[in-house]
Amino acid sequence: MENACLSMWLNQLILTNYKNYKWEEFNFDPVINCFTGLNGMGKTNLLDAIYYLSMTKSYISTNDSLVSRFNTDYFRLEGHYSRLEQHEKIVAKVQPNKAKVFEVNLNPLNKLSEHIGFLPVVFIAPDDISIIMEGSELRRKFLDNTLAQTNTTYLSHLLHYNRVLHQRNAYLKQIANEKNTDAILLDIYDEQLEKPATYIYHARTEFLKLFNPVFNEIYQKISNEKETVGVEYQSKLDGDSLLNLLSLNKKRDVFLQRTSVGIHKDDLLFTLEENPLKKYASQGQRKSFLLAIKLAQFTYLKNCLGINPILLLDDIFDKLDPFRVQSLINHLITNFKGQIFISDTHNHRIPGMLTDLGVSHLHKEIIDGKWKK
Amino acid sequence: MNFSSKLLENAVKALSTLPGIGKKTALRLALHLINQPEDQVESFSRAIVSMKKDIKHCQVCCNLSDDIICSICSDPSRVKKLICVVESVRDVMAIEDTNQFRGTYHVLGGIISPLEGIGPSALNIDGLISRVANNEVEEIIMAISPTIEGETTLFYLSKQLQSFQIKISTIARGVAFGGELEYADELTLGRSIISRVPYSSISED
Ligand SMILES: [Zn+2]
């Protein structure tokens, strides 16, 4: 069921000083690209560069200064895309002590946030398992990443909320030092948080209603099981207003010197047959859950935007038996019609399967930040 | 940089302490000054020294002034019952350039931003309250930048002024990111001062 108008792909990528790449130019296949090589050669960095051009930041490194190649202090990315039959040239320039620059067809963007969602992307990496096992921050990140790509209002409310929250927290620290509480200013911050928080709460609620059926269908397909899975939204705003919650927690916040309630404390509960996944699932079930939740993200983005996202699969076939790898690959190319980038440590496993399936693809071996000619 | 003259070196060092002036530009400026007539350079340096020594903040509005009360506050033709609240002296100059405003000003000296260490007590807010309490003020126009911190400041001032029977209006069109008063062109600014809206209609949107 290929739909021609849903197409977007990256034709060419030029990296300068991006992680272990000094200067390299890549030309890609519109359907499947497979990079193989040993760990540490730069496969993940290549996928990360593609993610960066979509999301204006790295998936792996939280700090841009860690992204530049060793002993250099700037980097540049240039991507040439075909998007809805238009050519789009995206350039990212990052230098120390200067504002990050993103150019779309040579026009610098006023706000980086304008770019989010223009080139939808889904990244799947082995470390993503921490979204299940670790703290709530990663789960909120998943929510925000998905909603920001599909809803610009959500993103601006989120940025607004975070800015006011930082000011409120800074003020809570300030009044702790000065030992004088100006309740008026705290009240004002509460009012400024209310509107974006309410919007975000409703957007997250609505999102999960649409997301869960898609997620279940994909989970059941890739796991070959009839089990039901779920993502349940947990928010204190369920049944109470933020203004009320903030006012109930005011004394506590002043004592803690930070804001202890709000949408920045929301969480997601992952369930398998209505039990908490963290406790009850086997390692295999967790792996399927993770893969399914990311592929459901892909489908959600596609349905909202009418564009097939780019799918970045970093080393996800590690430790899987060949039969399972084959069935996953088959499933991916049949059901997820975006441009796919795959990294794998085995040189011939995935390319061999793709050839056997008769799927056109590009295969390149990556050695020390170079692609083997 | 190697200097043959300690005098030149000192002048270059002094000039390069100015914002946006690097060593090279400072050298160019110093060499230029050497070639100027002596009286011109003297009046140049006098202008700077006497500005620093004698300039004051107006006791009423905090605008920069030669006297205790600035030329705007002491002008009998200015409408004293109308006060335009701005962040900085540069905003006063921008609005004055429009020739559209006949009221007076109140310079806050910044906006509320605890992240930058600026709480309400760091701003000239008490001065505004006492102006309103002790004078016949009818309307206050908030000409504060439409940023999140600008909105915080606007809400804060409005709460502080709540108990007085005065009209509060604003030229801010809700929160738009970026965009400062200083960069608004004169016509837009003039028009927005005339077409200001009551504060309540903004907070309800
Ligand atoms: Zn004055």
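This report describes the domains, sheets, helix packing and chain contact of a predicted model.

## Domains of chain A

Chain A is divided into two parts, of which domain 1 is made of residues 1-120 together with 307-373, while domain 2 covers residues 131-305. The centres of domain 1 of chain A and domain 2 of chain A, taken over C-alpha atoms, are separated by 28 Å. Where these domains meet, 14 residues of domain 1 of chain A are in contact with 15 residues of domain 2 of chain A. On the side of domain 1 of chain A that touches domain 2 of chain A, the residues comprise nine nonpolar and five polar ones, with no charged residue among them.

## Sheets of chain A

An open sheet of six strands in chain A has the order β8-β12-β13-β3-β14-β15, and its pairing is mixed. Its edges are formed by β8 (121-124) and β15 (370-371) of chain A, each of which has a single partner strand, so one side of each is left without a neighbour in the sheet. Within this sheet, strand β3 (residues 32-36) of chain A runs parallel to strand β14 (residues 362-367) of chain A, and four bridges join the two. In that region A:Phe35 stands opposite A:Lys364, which belongs to β14(A). Helix α1 (residues 43-55) of chain A lies across β3, β8, β12 (310-314), β13 (340-344) and β14 of chain A, and its direction makes an angle of about 150 degrees with β12(A).

Chain A also has an open sheet of three strands, in the order β9-β10-β11, with antiparallel pairing. Here β9 (229-234) and β11 (275-276) of chain A stand at the edges with a single partner strand each, so one side of each has no neighbour in the sheet. Strand β10 (residues 267-272) of chain A is joined to β11(A) by two bridges, and these strands run antiparallel. The bridge partner of A:Thr271 is A:Pro276, in β11(A).

## Helix packing

Two packed helices are described by the angle between their axes and the distance between the axes.

| Helix pair | Angle | Axis distance |
|---|---|---|
| α4(A) and α5(A) | roughly 150 degrees | within 9 Å |
| α3(A) and α9(A) | roughly 20 degrees | within 9 Å |
| α1(B) and α2(B) | about 125 degrees | 8 Å |

How are α4(A) and α5(A) oriented, roughly parallel or roughly antiparallel to each other? Their axes cross at roughly 150 degrees, and α4(A) and α5(A) are therefore roughly antiparallel. The crossing in which α4(A) passes α5(A) is left-handed. Residues of α4(A) including A:Tyr154, A:Leu158, A:Tyr161, A:Leu165 and A:Arg168 meet residues of α5(A) including A:Leu185, A:Tyr189, A:Leu193, A:Pro196 and A:Ile200. By class, the contact of α4(A) with α5(A) has 14 nonpolar residues, four polar residues and one charged residue.

The other chain A pair in the table consists of helix α3 (residues 136-150) and helix α9 (residues 283-305), whose axes cross at roughly 20 degrees. That angle makes α3(A) roughly parallel to α9(A), and α3(A) passes α9(A) in a right-handed crossing. The contact is made by A:Thr146, A:Gln149 and A:Thr150 from α3(A), together with A:Gln297, A:Tyr300, A:Leu301, A:Cys304 and A:Leu305 from α9(A). The classes in the contact of α3(A) with α9(A) are four nonpolar and four polar residues, with no charged ones.

In chain B, helix α1 (residues 6-15) packs on helix α2 (residues 23-34) at an angle of about 125 degrees, and α1(B) and α2(B) are therefore oblique to each other. The crossing of α1(B) and α2(B) is right-handed. From α1(B), the residues B:Leu8, B:Ala11, B:Val12 and B:Leu15 meet B:Lys23, B:Ala26, B:Leu27, B:Leu29 and B:Ala30 in α2(B). Eight nonpolar residues and one charged residue, with no polar residue, form the contact of α1(B) with α2(B).

## Contact between the chains

The contact takes 15 residues from chain A and twelve residues from chain B. On the side of chain A that touches chain B, at least two residues each are supplied by α4 (152-178) and α5 (183-223) of chain A. Of the elements on that side, α4(A) gives the most, with eight residues. The residues of the side of chain A that touches chain B divide into six nonpolar, five polar and four charged.

Key. Residues are numbered from 1 along each chain as its sequence is written. Chains are lettered from A and ligands numbered from 1 in the order in which they are written. This is a predicted model: local features need pLDDT of at least 70, side-chain atom pairs count only at pLDDT 80 or more; totals for chains, interfaces and linings use all residues. Two residues are in contact if their C-beta atoms, placed from the backbone, lie within 7 Å. Ala, Val, Leu, Ile, Met, Phe, Trp, Tyr, Cys and Pro count as nonpolar, Asp, Glu, Lys and Arg as charged, and the others, Gly among them, as polar. Domain bounds come from an automatic or database domain assignment. Two strands pair if DSSP finds at least two bridges between them. Axes are lines fitted to C-alpha atoms, for helices over the stretch in contact, and angles run from 0 to 180 degrees between N-to-C directions. Angles under 35 degrees count as roughly parallel, over 145 as roughly antiparallel, 65 to 115 as roughly perpendicular and the rest as oblique. A crossing is left-handed if the near helix is turned anticlockwise from the far one by less than a right angle, and right-handed if clockwise.
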